[in-house]
Amino acid sequence: QVQLVESGGGLVQAGGSLRLSCVASGRTFSSYNLAWFRQAPGKERESVARISRNALYTDYADSVKGRFTISRDNAKNTLYLQMNSLKPEETAVYYCAATSGGWGRREYDYWGQGTQVTVSS
């Protein structure tokens, strides 16, 4: 089992940047594929980016390609999301998630509590 705690959210102007972090408990962090999701008010949760156990593979939503970068540091049990050129419509609660399944599995077993990102226009 793993527990996930996000941080780094906040208020930023449109065009600005934020870096989110997600720290995991436990000694098996490197055995999980990880992802970032977001949920805006009144909208369904959507996948933003994901990264494989060894960071060899990454995958991004079309809407964030070229602006967001997902990364991980297995030695620090930490997942990151660097977000650049943020847009007001990206205001949402951002969640990190972990799965022990394979790269093709899109269902996640563990979730953090979320961190609020607000982008002002």
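**Arginines, rings and salt bridges**

Tutor: Arg67 is buried, because its relative accessible area is 12% and the cut-off for buried is under 20%. Keep in mind that this is a predicted model.

Student: Where is Arg67 found?

Tutor: Arg67 sits in the loop between β6 (58–60) and β7 (68–73).

Student: And which residues does Arg67 touch?

Tutor: Not counting residues up to four places away in sequence, Arg67 touches Gln82, Met83, Asn84, Ser85, Leu86, Lys87 and Glu90. Take Ser85, which is 18 residues from Arg67 along the chain. The C-alpha atoms of the two are separated by 6.3 Å.

Student: Glu90 is on that contact list. What does Glu90 form with Arg67?

Tutor: A salt bridge, with the closest N and O atoms 2.5 Å apart. Glu90 lies in the loop between β8 (78–83) and β9, and Arg67 in the loop between β6 and β7, so the pair ties together parts that are 23 residues apart in sequence.

Student: Glu90: buried or exposed?

Tutor: Glu90 is buried, and Arg67 is too.

Student: Which residues are joined with them into one network?

Tutor: Arg38 and Glu46. Salt bridges that share partners join Arg38, Glu46, Arg67 and Glu90 into one network.

Student: How many salt bridges does the structure hold?

Tutor: The structure holds 8 salt bridges. Look at Asp59 next. The side chains of Asp59 and Arg50 meet in a salt bridge at 3.2 Å, N to O. Asp59 also forms a salt bridge with Arg106, where the closest N and O atoms are 3.7 Å apart.

Student: Where do Asp59 and Arg106 lie in the chain?

Tutor: Asp59 is in strand β6, and Arg106 is in the loop between β9 (92–99) and β10. The pair links distant parts of the chain, 47 residues apart.

Student: What about accessibility for those three?

Tutor: Arg50 counts as buried, at 6% relative accessibility. Asp59 counts as partly exposed, at 28%. Arg106 is exposed, with a relative accessible area of 51%.

Student: Back to Arg50. Which ring does Arg50 lie over?

Tutor: Trp103. Arg50 lies over the face of that ring, at 3.8 Å from the ring centre. Arg45 lies over the face of Trp111, at 3.9 Å from the ring centre.

Student: Switching to rings, then. How many aromatic pairs are there?

Tutor: The count comes to 5 aromatic pairs. In one of them, the rings of Phe37 and Trp111 have their centres 4.8 Å apart. Their planes are at 55°, so this pair is tilted.

Student: Which parts of the chain does that pair link?

Tutor: Distant ones. Phe37 is in strand β4 (residues 33–39) and Trp111 in strand β10 (residues 110–111), 74 residues apart.

Student: Why does Phe37 count as buried?

Tutor: Because its relative accessibility is 9%, and buried means under 20%. Trp111 counts as partly exposed, at 29% relative accessibility.

Student: What kind of aromatic pair do Tyr108 and Trp111 form?

Tutor: An edge-to-face one, 6.3 Å centre to centre, with 70° between the planes. Tyr108 counts as buried, at 12% relative accessibility.

Student: What do the ring pairs link into a cluster?

Tutor: Phe37, Tyr108 and Trp111.

Definitions and conventions:
Residues numbered from 1 in each chain as written. Predicted model: local features only at pLDDT ≥ 70, side-chain atom pairs only at ≥ 80, totals over all residues. Heavy atoms only, no water. Helix = DSSP H or I, 4+ residues; strand = E, 2+ residues; numbered from the N terminus. Buried < 20%, exposed > 50% of the residue type's maximum accessible area, 1.4 Å probe, protein only. Contact = heavy atoms within 4.5 Å. Phe/Tyr/Trp six-rings, centres within 6.5 Å; stacked < 30°, edge-to-face > 60°. Lys NZ or Arg CZ within 6 Å of the ring centre and 35° of its normal. Salt bridge = Lys/Arg side-chain N within 4 Å of Asp/Glu carboxyl O.
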